[in-house]
Amino acid sequence: MVRWRAVPPRIKAILLLAWAVIRTVFRRLFSARVDGLARFRDNYAADRLPPVTPSERQELVAFGRCIACGLCDRGESSRIAGSAGRYRGIMPLMLAASRSMPDFHAAQLSFSHVSDQVLEQKEQLCPTRVPMRKIAHFVRDKADELRRSLPPPAASTKKRRKPAPQAESL
Ligand code: SF4
């Protein structure tokens, strides 16, 4: 019988590689099919990250075109003032607020202060042709999706801690 220690390293490597290939093939053939979408939701729902479709993924490339020139914020001061802090202009939405899915509820609230009609006019001014209406729709859709698919927050069982004696005396 051949002793494993006596086998040349190159042959060992080939045998291990062949074993890994055979194991992978058998596992794929005989294990239950995994629902990737369900697994994604299991892993990322708590982080407030909904999945994106292949067409949405293609659109995301154009969503990052803003060069922060500020042209779209011209004439927005009255809307900004009337929003009570919820809307800071179009540029912040295009530049940052629409890029972080966990924050889409805040972005959706901000987008509610500017109509698609206004966004269409601003698109004409934009030097890099940022698809503002598409971004607004994407943010609204994903924010709604987050609302539907997120698990309810776990009920807190923690009681409020009593302040430390030193803190009470201050
Ligand atoms: S006009 Fe276009 S490039 Fe300029 S800040 Fe607005 S979205 Fe960005």
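Between which two helices does the loop with Arg-129 lie?

Modeller: Arg-129 sits in the loop between helix 7 (116-125) and helix 8 (132-149). Helices here are DSSP runs of H or I, at least four residues long, and strands are E runs of at least two; both are numbered from the N terminus. Residue numbers start from 1 along each chain, as its sequence is written. This is a predicted model, so local features need pLDDT of at least 70, side-chain atom pairs count only at pLDDT 80 or more, and totals for chains, interfaces and linings use all residues.

Start with the backbone. Most residues other than glycine have a negative phi. Arg-129 has a positive one, near 55°. Arg-129 counts as exposed because it has 10 C-beta neighbours inside 10 Å. The cut-offs within 10 Å are 20 or more other C-beta atoms for buried, 12 or fewer for exposed, and partly exposed in between, with C-beta atoms placed from the backbone.

Next, the partners. Leaving out residues up to four places away in sequence, Arg-129 touches Arg-65 and Glu-123. Contact means C-beta atoms, placed from the backbone, within 7 Å. The C-alpha atoms of Arg-129 and Ala-62 are 8.8 Å apart, across 67 residues of chain.

Ala-68 is another case. It lies in the loop between helix 3 (54-63) and helix 4 (77-82). Ala-68 is not a glycine, yet its phi is positive, about 60°. It counts as exposed because 10 C-beta neighbours lie inside 10 Å.

Now the ligand. Its shell has 15 residues, and Cys-66, Cys-69, Leu-71, Cys-72 and Cys-126 are the closest. A shell residue has its C-beta atom, placed from the backbone, within 6 Å of the molecule. Helix 5 (residues 90-97) supplies the largest share, three residues. By class, 13 of the shell are nonpolar, two polar and none charged. Nonpolar means Ala, Val, Leu, Ile, Met, Phe, Trp, Tyr, Cys and Pro; charged means Asp, Glu, Lys and Arg; the others, Gly among them, are polar.

Helix 6 buries Phe-104, Ala-107, Gln-108, Ser-110 and Phe-111. Down its axis these fall within an arc of 160°, so they line one face of the helix. The arc is that of directions from the helix axis to the C-beta atoms.

Last, confidence. pLDDT, from 0 to 100, is the predictor's confidence in each residue. The protein averages 84, and 86% of the residues score at least 70. Helix 7 is highest, at 96, and helix 9 (residues 165-169) is lowest, at a mean of 45. Where pLDDT is low, predicted coordinates should not be read in detail.

Notes:
Two residues are in contact if their C-beta atoms, placed from the backbone, lie within 7 Å.
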